[in-house]
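Here are my notes on the model you sent over.

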Amino acid sequence: NKTAPNLGRLAEVFAGFGYLGEAITTNAEALQLDKKDFSLWLKQADYLHQAERLDDALAQLTAADALAANDEEREAVLSREIKSRQGNNTLKTRIEELRRELETASAK
């Protein structure tokens with residue numbers, strides 16, 4: 001039964017036992033079956049973060065952010081983005097980018 005929910009659950013089991021590589025691969029399969037499942041994107045970002053693949057985790061968070069349906073989901077993405085950017089030392093750069101965007105938008 002290779003359904004997205006089943007593969008997502010299998011990925012959780014793999015991750016729970018410390019098999020991050022298998023969890024990442026299995027969750028990626030689940031994402032191929034259901035590309036609109038916000039929780040699968042978020043979990044993939046978490047697995048990649050745990051595996052210290054922070055740039056890949058940020059890419060998954062970008063996809064998750066596009067699917068976020070409410071403020072709670074957007075906050076979940078943002079908190080993970082901050083954590084990943086702290087890990088790869090790009091948080092200050094991103095803050096400056098956002099600050100410039102806000103200044104440009106307010107100048108218009």
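1. A cut-off before anything else: a residue is called buried when its relative accessible area is under 20%, exposed when over 50%, and partly exposed in between. On that basis, 29% of the chain's 108 residues come out as buried. Keep in mind that this is a predicted model.

2. On the fold, there are six helices and zero strands, so the pattern along the sequence is simply α-α-α-α-α-α, helices being read as DSSP runs. Along the principal axes, the C-alpha atoms fill a box of roughly 55 × 25 × 20 Å. If you take contacts between residues at least 6 apart in sequence, 45% of them join residues at least 24 apart.

3. Now the surface. As for charge, I get 15 positive and 19 negative side chains, with the centres of the two sets 2 Å apart.

4. Which residues have the most contacts inside the largest nonpolar core? They are A30, F38, L40, L42, L61, A64 and V77, in a core of 15 residues. Helices α1 (4-16), α2, α3, α4 (54-67) and α5 (71-87) each supply at least two residues of this core. The largest share, five residues, comes from α3.

5. Leaving aside neighbours within four places in sequence, F38 is in contact with A64, L67, A68, E73 and V77. Two of those partners, A64 and V77, are also on the list of residues with the most contacts inside the core. There is also a second, separate core of eight residues, and A15, I24, L48 and A57 are among them.

6. Is N27 buried or exposed? N27 sits in helix α2 (residues 20-33), and its relative accessible area is 0%, so N27 counts as buried. Beyond neighbours within four places in sequence, N27 is in contact with G8, A11, L40, K43, Q44 and Y47. One of these, L40, is listed with the residues that have the most contacts inside the largest nonpolar core.

7. Finally, D46, which belongs to helix α3 (residues 38-50). D46 and R80 are 34 residues apart in sequence, yet their C-alpha atoms are 7.8 Å apart in space.

How values were computed
Residues numbered from 1 in each chain as written. Predicted model: local features only at pLDDT ≥ 70, side-chain atom pairs only at ≥ 80, totals over all residues. Heavy atoms only, no water. Helix = DSSP H or I, 4+ residues; strand = E, 2+ residues; numbered from the N terminus. Buried < 20%, exposed > 50% of the residue type's maximum accessible area, 1.4 Å probe, protein only. Contact = heavy atoms within 4.5 Å. Lys, Arg positive; Asp, Glu negative; His and termini not counted. Charge placed at Lys NZ, Arg CZ, Asp CG, Glu CD. Core = buried A, V, L, I, M, F, W, Y, C linked by side-chain atoms within 4.5 Å.
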